[in-house]
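Subject: Structure handover

Hi,

Here is the structure for you to look over. Please open it alongside this note. My findings follow below.

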Amino acid sequence: MDSPVISRLAPTPSGYLHLGNAFNFLLTALLVDFQDGHLHLRIDDLDEPRVVQSSVEDIFIQLEWLGIDYDSGPSGPDEFFSKFSQRLRMELYHESLELLRKSGHIFACECSRSEIRQISSNGNYPGTCRNKKLNLLKDNQTWRILVPAQTIVSLKIFTNKIEKIDVSREMADFVIKRRDGLPAYQLASIMDDLELGVNLVVRGYDLKSSTGAQLYLAKCLNDSIFPETHFVHHVIQTDDAGDKLSKSKGAHSIQMLREKHRNPTWIYQETAKLLNLPFEEIQTLEDLKEVFRSIMILKGGANSILDHKN
Ligand SMILES: [Zn+2]
């Protein structure tokens, strides 16, 4: 990458952080460190009903325990709620929603989730309200963005490969404004990334479809900067039964793991293992950074440790 790297940690305060979050944070921090970049802490708290003060506190506690330093963002819960909350940025989100509405990209949808599930076996929106021309200004309906058939976006992978995503297939007419009037995740996420100047996004490969959705949104918003963003879609951790770790199952929460393990060494080693790095000698975050750095240099871009093959 030519320009200085700007990336972010973007946890959602909807429960306690788990091992999967720790891996994502550490990998992001490693990549930023490797490139002398800038790391921002962004907390996605739009989903207010699920936002709990204790989840926000948990983010700061666990980041400190993991030893992850960031260059900008809130220093603690108080500063977060008073200066950084997405709730304070509604105007910006609604301005972009208006832009999309005026440019004819939006239609209103009154389908409930269960109605969509009944029609569509894979959960993809079947286009029910596309041509109904429902009044966009009515309450209690979602706004969807029209994704024409065969909408393919290109994305830049960190290792300088280009990948393509068929947004019409993966994220058919996705929601950008929720039934309760709040902007949807996809919209808030890209608006925040644009404002921060983020040019490296590190997320699990299960969120690749979100990457496609956000790149498509950038196109609809006539933005030429976001498409230059580089992406890493990494492997995600599973539990013993092979299921994705989730915040609702407490067993893998960092909070719980701390009771079992005296220090984060174990998490650093687990991270190294997931990246196929030699892990035996790693004790501290500095050790992990050192190993990561040397392998990255050795492998010149290190496709093998970053690219997850589905
Ligand atoms: Zn509908």
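Two strands count as paired if DSSP finds at least two bridges between them. Keep that in mind for the first part. Also note that this is a predicted model.

**Strand S9 and its partners**

By that rule, S8 (residues 200-204) pairs with S9 in the parallel sense, over five bridges. Leu200 stands opposite His230 in S9. Between the two strands the chain runs through helix H8 (residues 208-220). This β-α-β crossover is right-handed.

S9 has another parallel pairing, with strand S5 (residues 152-157), over two bridges. There, Lys156 stands opposite His230.

Is S9 enclosed or open to the outside? Five of the five residues of this strand (residues 230-234) are buried, so S9 is largely enclosed by the rest of the structure. Both of its faces are covered. His230, Val232 and His234 are buried on one side. Phe231 and His233 are buried on the other.

**The zinc site**

Which residues hold the zinc ion? The ion is coordinated by Cys109 (SG), Cys111 (SG), Tyr125 (OH) and Cys129 (SG), at 2.2 to 2.3 Å. The angles among the four donor atoms are 100 to 120°, and the site is tetrahedral. For reference, the ideal angle for four tetrahedral donors is 109.5 degrees.

Along the sequence the donor residues follow the spacing C-x1-C-x13-Y-x3-C. Cys111 sits in the loop between strand S3 (106-109) and helix H5 (113-119), and Tyr125 in the loop between H5 and strand S4 (142-145), so this pair ties together parts that are 14 residues apart in sequence. Both Cys111 and Tyr125 are buried.

**The nonpolar cores**

The largest nonpolar core has 42 residues. Leu27, Leu31, Ile68, Ile267, Leu277, Leu288 and Phe292 touch the most other members. Several elements give two or more residues to this core, including strand S2 (38-41), helix H2 (53-66), S8 and helix H11 (285-299). Helix H1 (19-34) gives the most, with 10 residues.

Take Ile267 as an example. Leaving aside neighbours within four places in sequence, Ile267 is in contact with Leu19, Ala22, Leu26, Trp65, Leu66 and Ile254.

Best wishes

Notes:
Residues numbered from 1 in each chain as written. Predicted model: local features only at pLDDT ≥ 70, side-chain atom pairs only at ≥ 80, totals over all residues. Heavy atoms only, no water. Buried < 20%, exposed > 50% of the residue type's maximum accessible area, 1.4 Å probe, protein only. Helix = DSSP H or I, 4+ residues; strand = E, 2+ residues; numbered from the N terminus. Right-handed = clockwise from strand over helix to strand, strands pointing away. Core = buried A, V, L, I, M, F, W, Y, C linked by side-chain atoms within 4.5 Å. Contact = heavy atoms within 4.5 Å. Donors = N, O, S within 2.8 Å, 3.2 Å for Na, K, Ca; no water. Tetrahedral: all angles 85-135°; square planar, octahedral: opposite > 155°, others 65-115°.
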